[in-house]
Amino acid sequence: MLIVAGEALIDMTPAVLNGSTAYVPHPGGSPYNVAIGAGRLGTPTAFLGRISRDGFGQLLKSHLAASKVSLAYVKEGDQLTTLALVAPSESGEFFSFYCENTADRLLYPEDLPPVLPASAALHFGSYSLVLEPGASTLELLMRREARRRLISLDPNVRPFLIPNRDVYIERLMGWLEQADLVKVSQADLQWLYPGENPETIAQEWKQQGPLLVIVTQGGQGAFAVTSRGIAKVQAPRVSVVDTVGAGDAFMSGILSWLWQRGYWSRAALGSLEREQITDLLNFAARVAAITCTRAGANPPWQEELSQLPG
């Protein structure tokens with residue numbers, strides 16, 4: 001199975017109501033969205049994290065269950081749910097987080113399961129690896145399980161939650177040493193390494209430990225750096241409603257493709273040929289493109305993959 005570890009929150013997404021802007025709550029959080037997307041694609045998935053007992057927390061849990069995601073590794077807390085205010089901007093969506101002393105970031109080592117299923121893969125990412133104490137707890141889990149199972153990572157950088165870029169990059173290098181598979185957006189790389197070539201950075205990241213580094217480029221598509229060279233694909237052309245959750249949907253597509261075809265270990269990941277990696281990228285791009293045709297982070301179900309609205 002796939003175990004996705006990290007934050008669960010509520011995205012407050014803008015909508016026009018009677019001529020005024022209103023904000024509508026949608027379940028979200030990058031790892032949370034990855035779990036939802038993988039569950040809908042038929043991958044046996046569980047979410048590992050801490051969720052509030054408040055009304056929004058109940059919404060988060062019911063949404064996981066409705067998307068066929070197991071709650072076996074969910075811990076509950078009395079603190080409030082994190083809120084993310086989503087506002088459109090020229091460069092995409094801008095997020096403002098309200099996350100002080102909220103349930104999802106207060107994950108402690110004693111909340112971690114002592115043993116995980118032998119065949120389980122683990123996915124990490126986003127601000128759950130930044131904000132303490134949960135960040136150190138998840139790093140502990142990552143180090144504990146590295147090379148024992150497939151580990152994937154999507155940094156999903158949130159600059160306004162990172163007080164010191166150099167310190168963050170140093171911490172990120174440690175995560176790369178543990179990861180087998182990394183997905184990162186070109187926008188993230190531009191913030192981390194201004195003016196540098198994304199392909200060069202991806203190749204340098206691969207030298208830190210991952211067997212596969214994938215860079216998404218929004219409407220331009222994506223590329224992957226592997227031991228067999230660089231594979232590139234174009235993004236499907238769709239009528240975009242918004243891009244909230246598109247990167248997470250892409251990640252869930254990557255992991256689901258690997259699970260469906262049995263490439264569920266570091267050794268199997270390293271055996272992929274360039275043609276297979278291209279197929280993987282095209283599958284993930286399709287999942288992300290369908291998500292872009294809908295409001296909010298609403299990834300497709302497996303039976304919807306044959307539909308790609310123009």
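**Cavities, rings and a buried histidine**

The lining of the second largest cavity consists of 7 nonpolar, 2 polar and 1 charged residues; Ala, Val, Leu, Ile, Met, Phe, Trp, Tyr, Cys and Pro count as nonpolar, Asp, Glu, Lys and Arg as charged, and the others, Gly among them, as polar. The model is predicted, and local features need pLDDT of at least 70, side-chain atom pairs count only at pLDDT 80 or more, and totals for chains, interfaces and linings use all residues. Residues are numbered from 1 along each chain as its sequence is written, and side-chain values use heavy atoms, with hydrogens and water left out.

The structure has 2 cavities of 30 Å³ or more (a cavity is a set of points on a 1 Å grid over the protein atoms alone where a 1.4 Å probe fits but cannot get out, and lining residues have an atom within 4 Å of a point). The second largest cavity holds about 30 Å³ of space, and its lining includes Ser126, Tyr127, Pro155 and Tyr168. The volume of the largest cavity is about 70 Å³. Among the residues that line the largest cavity are Glu7, Arg50, Asp104, Arg105 and Tyr127. Its lining divides into 4 nonpolar, 4 polar and 4 charged residues. At least two lining residues come from each of strand 4 and helix 3 (134-145) (helices, H or I with at least four residues, and strands, E with at least two, are DSSP runs numbered from the N terminus).

Tyr127 also belongs to a cluster in which ring pairs link it with Phe97 and Phe160. There are 6 aromatic pairs in the structure (rings of Phe, Tyr and Trp, the last by its six-membered ring, with centres within 6.5 Å; planes under 30 degrees apart are stacked, over 60 edge-to-face and the rest tilted). Tyr32 and Phe47 form an edge-to-face pair, with 5.8 Å between centres and 75 degrees between planes. This pair links distant parts of the chain, as Tyr32 is in helix 1 (residues 30-40) and Phe47, 15 residues apart from it, is in strand 4 (residues 45-52). Tyr32 is buried at 0% relative accessibility, and Phe47 is buried at 0% (buried means under 20% relative accessible area, with a 1.4 Å probe and protein chains only).

His123 lies in strand 8 (residues 121-125). His123 counts as buried because its relative accessible area is 1%. Leaving out residues up to four places away in sequence, His123 touches residues including Leu2, Val34, Asp154 and Met251 (contact means heavy atoms within 4.5 Å).

Technical notes
Buried < 20%, exposed > 50% of the residue type's maximum accessible area, 1.4 Å probe, protein only. 1 Å grid on protein atoms, 1.4 Å probe; cavity = no way out; pocket = protein on both sides within 12 Å on 5 of 7 lines; lining within 4 Å. Points joined across faces, edges and corners; volume = space filled by probe spheres on them.
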